[in-house]
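Biologist: Before we discuss anything, could you put the model up, and then take me through how its features are to be read?

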Amino acid sequence: MFNWLKKGKPAGRVTVRDMCFGDLPIEEWAKEENAHQEPWSSFVQARRSLEARETAAAIKTLRQITEMPGLESRHYVQAWHFLRGLGVNPPAEQAKAVHGVVVEVGMENGADIVAAYGDGSARYLNFSGAGVFWERADDSLDAEIEALLAAGREVAKMIGPWDKERPEAPSNGKVRLNMLTPSGLHFGYGDFATLAKDPMGAALINPATRLMVKLTELRQQ
C-alpha cells in the first residue's frame, strides 16, 4: 500500500500546478523540515508509520488530521488522498464536500489556472509563470471565492470521482474544471467554447473568470 502513495510526480519534480490539488505523494507533502508544527508533524508521523509498515497507526494519525479544525483546505484533501490509498474511504456525508475548485484553461504555451479553497485562499497561475497567491489577508475576495466553491458543490453532486492519476494540464483551447473532495478528484473536461455555453460548465467558468480578474487586479496594485 505504501508504494501506491508514492505514485505521481517523481520527487524533486513537483510543479506549482501540482501544489494546487492536494494529491502529492506523501514523501513530498510530509517533509521532515516541517515536522515542528501541526498538521505537518502529524503528516510526518503518518509517513514514518508507513515506512515502518505500521499501517493501522498511519490510518489513525491521518484520520486525526481530517478532524483537526481550521486547517488549510489542501491538508484535508491530502489526508483523504492518503487514506483512500490505504483503503479508507470517507463517510457518505463527507465524500462530496468540496474543499477546493481548480479551473485550468489550456493556452498555446501552457495553462492558466484559477483556484479557490474553502479556507478563503485563492491563486491565479498564468501560463507565463507569473502568479498571484491570496491567503485571505481580508474578506475582499470572499464573495468571488464562495461563488466558485458553491458552483463546484453543485457540479460535484452530479458526477463521480476520477479513480486514476490526475491528468496533465489541458491543451490549447481545452478546459478542465476540477473539484477537490474527500472521495477524490471530480472533473469535467472539454473545449472551452463548448463548456462556456453549457449550463454546468458556465456555472464554474463564469465565477472563475470573475475571481481571476480580481486576483489580477491585486497583482497590479
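**Reading helices, strands, salt bridges and cores**

Modeller: In helix 3, the buried residues are Trp-40, Ser-42, Phe-43, Val-44, Ala-46, Arg-47, Ser-49 and Leu-50, where buried means under 20% relative accessible area, exposed over 50% and partly exposed in between, with a 1.4 Å probe and protein chains only. Helices (H or I, at least four residues) and strands (E, at least two) are DSSP runs, numbered from the N terminus. This is a predicted model, in which local features need pLDDT of at least 70 and side-chain atom pairs count only at pLDDT 80 or more, while totals for chains, interfaces and linings use all residues. Residues are numbered from 1 along each chain as its sequence is written, and side-chain values use heavy atoms, with hydrogens and water left out.

Biologist: What span should the 12 residues of helix 3 have at 1.5 Å a residue?

Modeller: The general idea is that the expected span of a helix is 1.5 Å times one less than its number of residues. For helix 3, residues 40–51, this gives 16 Å, and the end C-alpha atoms are 16 Å apart, which agrees. Just after helix 3, Arg-53 takes a positive phi of about 60 degrees.

Biologist: Which residues of helix 4 are buried, and what do they pack against?

Modeller: Helix 4, residues 55–66, has 12 residues and reaches 17 Å from its first C-alpha to its last, close to the 16 Å expected. Its buried residues are Ala-58, Ile-59, Thr-61, Leu-62, Ile-65 and Thr-66. They cover an arc of only 165 degrees around the axis, so they lie on the same side of helix 4; the arc is that of the directions from the helix axis to the C-beta atoms. The buried residues of helix 4 pack against helix 3 and helix 5 (73–85), whereas the face turned away from the buried side carries the exposed residues Ala-56 and Lys-60.

Biologist: How many salt bridges does a search of the whole structure find?

Modeller: A salt bridge is a side-chain nitrogen of Lys or Arg within 4 Å of a carboxyl oxygen of Asp or Glu, and the search finds 15 of them. In one of these, the side chains of Arg-176 and Glu-104 meet at 3.6 Å, N to O. Arg-176 lies in strand 5 (residues 174–181) and Glu-104 in strand 1 (residues 100–107), so the pair ties together parts that are 72 residues apart in sequence.

Biologist: Are Arg-176 and Glu-104 buried or exposed?

Modeller: Arg-176 counts as buried because its relative accessibility is 6%, and Glu-104 is buried with a relative accessible area of 0%. In another salt bridge, Lys-157 meets Glu-154 at 3.1 Å, N to O. These two residues are three apart in helix 7 (residues 142–158), which means that about one helical turn separates them. Lys-157 is exposed, with a relative accessible area of 57%, while Glu-154 is partly exposed, at 43%.

Biologist: Which strands does strand 1 pair with?

Modeller: Two strands pair if DSSP finds at least two bridges between them. Strand 1 and strand 2 run antiparallel and are joined by eight bridges, with Tyr-117 in strand 2 as the bridge partner of Gly-100, and a hairpin of two residues joins the two strands. Strand 1 also pairs with strand 5 in the antiparallel sense, over six bridges, and the bridge partner of Val-105 in strand 5 is Val-175. Strand 1 is mostly covered, since six of its eight residues are buried.

Biologist: Which residues of the largest nonpolar core touch the most other members?

Modeller: In soluble globular proteins, nonpolar side chains tend to be buried together. A nonpolar core is a set of buried Ala, Val, Leu, Ile, Met, Phe, Trp, Tyr and Cys residues joined through side-chain atoms within 4.5 Å. The largest one here has 25 residues, of which Val-101, Ile-145, Leu-148, Leu-204, Leu-211 and Leu-215 touch the most other members. Elements that each supply at least two residues of this core include strand 1, strand 2 (110–117), strand 5 and helix 9 (199–220), and its largest share, six residues, comes from helix 7. With neighbours within four places in sequence left aside, Val-101 is in contact (heavy atoms within 4.5 Å) with residues including Val-114, Leu-148, Met-179 and Leu-204. A second, separate core of 22 residues includes Ala-79, Phe-82, Leu-83 and Val-88.
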